[in-house]
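Please find below a colleague's note on the model shown here. The points are numbered and may be read separately.

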There are 4 protein chains.
Amino acid sequence: MNQNVHDCIQACLECLDACNTCFNQCLQEEDVKMMAGCIRLDRECADICALAMQSMQRNSPFMAQICALCADICEACGNECKQHDHDHCQKCAEACFKCAEACRKMAA
Amino acid sequence: MNQNVHDCIQACLECLDACNTCFNQCLQEEDVKMMAGCIRLDRECADICALAMQSMQRNSPFMAQICALCADICEACGNECKQHDHDHCQKCAEACFKCAEACRKMAA
Amino acid sequence: MNQNVHDCIQACLECLDACNTCFNQCLQEEDVKMMAGCIRLDRECADICALAMQSMQRNSPFMAQICALCADICEACGNECKQHDHDHCQKCAEACFKCAEACRKMAA
Amino acid sequence: MNQNVHDCIQACLECLDACNTCFNQCLQEEDVKMMAGCIRLDRECADICALAMQSMQRNSPFMAQICALCADICEACGNECKQHDHDHCQKCAEACFKCAEACRKMAA
């Protein structure tokens, strides 16, 4: 397994963790309505990160295409999360942008 | 494939659809905070229904155990959803209770 | 929900079912080695069909992109399966090609 | 998050990785037929580990039940894999047994 794939698996894992944590914490915020976009995108992003990570682990012939799509979804999720001051949103945004970058490098 | 398995696959599919629809519509309600429990359980329930359905389709040696767990999660989701008057919640509760019953029959 | 989305959910569901059935039956064939490509692609295809189906059910902002990728994976799986005479492979190829077509129509 | 949950997430992740690696490599072995049981259980085990890991990350009310089921599936996969001398099977068996133990501790 080359370094780009290795790094991308790690970035997907960290993003998956951050998105699931953010999903859980958004649902417990005082103003849940304001977090609706985050909640939706956290789930989208967790699902595609889980698929991307597993596609690399199992040497899928589609891993580059899956990672290219994962990069787009991570970016959208990061852009939503970064607008919110909550610590879990800021951490999630950071993990999303790192993952988007690792996925684009992998897909290239 | 016997009739119980066939019925259970169909019930899981309908429950999966109802939970994903309810998740989407809860996020668009005026009072999202009141729907936080639904949103959380809709995702839990969709995930286990998707796994249960696929485990039966691929003849998993664990399909009975997965369906037993699916029944518990469907029941919890149904109990939460039935407390809300929204049409999507009432429909989701109905699909969850039907799926719980089909899963228990399958697991027995 | 418009007709294309409705048809595509149905096509994904039928393809998911066919791929999981084919996966199970390929593993029980006399010559498993010959089926290795099918086994691998059946899993890839089932995973993306499950994601595509759920993305439409929950009104994901990425459903068109997910379906475009799903079409490519379905096509690859169909091309592999159609080379094998087993009934489960022929049925799977047919479901894959139908799903690829429905996904392309949805993504357009 | 307590230490048992943290350890269990890590064990699921390592098991997921080992199962997906083993799945890929089993499909490339000379004697694929002998690996059919591994291939089937690697997929089962990867699916439940992914669900268990995510259920802990998002603080699912069902995480203990999901981990109890995950322990059973990991054990079955480990018992199958340990019968094969391939390095990927031995590594997978080890990861499965560790994960089963961490899941039982978490579920207790």
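1. Is Cys15(C) buried or exposed? Cys15(C) has 0% relative accessibility and therefore counts as buried (buried means under 20% relative accessible area, exposed over 50%, partly exposed in between, with a 1.4 Å probe and protein chains only).

2. On conventions, this is a predicted model, in which local features need pLDDT of at least 70, side-chain atom pairs count only at pLDDT 80 or more, and totals for chains, interfaces and linings use all residues. Residues are numbered from 1 along each chain as its sequence is written, chains are lettered from A and ligands numbered from 1 in the order in which they are written, and side-chain values use heavy atoms, with hydrogens and water left out.

3. Over all chains, the structure holds zero disulfides (a disulfide being a pair of cysteine sulfur atoms within 2.5 Å). For Cys15(C), the closest cysteine sulfur belongs to Cys49(C) and lies 3.8 Å away, which is too far for a bond. Cys38(D) is likewise in no disulfide, the nearest cysteine sulfur being that of Cys81(D) at 3.6 Å. Cys38(D) counts as buried, at 0% relative accessibility.

4. The interface of chain B and chain D takes 19 residues from chain B and 19 residues from chain D (contact means heavy atoms within 4.5 Å). About 1,700 Å² is buried between the two chains, with carbon and sulfur atoms giving 57% of this area; buried area is the accessible area (1.4 Å probe) that two parts lose on being put together, summed over both. Glu44(B), Arg58(B) and Phe62(B) supply 34% of the area that chain B buries against chain D, more than any other three residues.

5. Between chain B and chain D, 10 residue pairs are in polar contact, both residues being at pLDDT 80 or more. A polar contact is a pair of N or O atoms within 3.5 Å; within protein, one must be able to donate a hydrogen and the other to accept it, and residues adjacent in sequence count only if both atoms are side-chain atoms. On the side of chain B that touches chain D, the elements giving two or more residues are helix H2 (36-57) and helix H3 (63-81) of chain B. H2(B) provides the largest share, eight residues. Helices (H or I, at least four residues) are DSSP runs, numbered from the N terminus.

6. Asn20(C), in helix H1 (residues 3-26) of chain C, is buried at a relative accessible area of 0%. The side chain of Asn20(C) makes a polar contact with that of Arg43(D) at 2.8 Å. Leaving aside neighbours within four places in sequence, Asn20(C) is in contact with residues including Gln54(B), Arg58(B) and Ala46(C).

7. Within chain D, Arg104(D) and Asp72(D) form a salt bridge (3.2 Å, N to O). Arg104(D) lies in helix H4 and Asp72(D) in helix H3 of chain D, so the pair ties together parts 32 residues apart in sequence. Arg104(D) is partly exposed at 36% relative accessibility, and Asp72(D) is partly exposed at 30%.

Key
A salt bridge is a side-chain nitrogen of Lys or Arg within 4 Å of a carboxyl oxygen of Asp or Glu.
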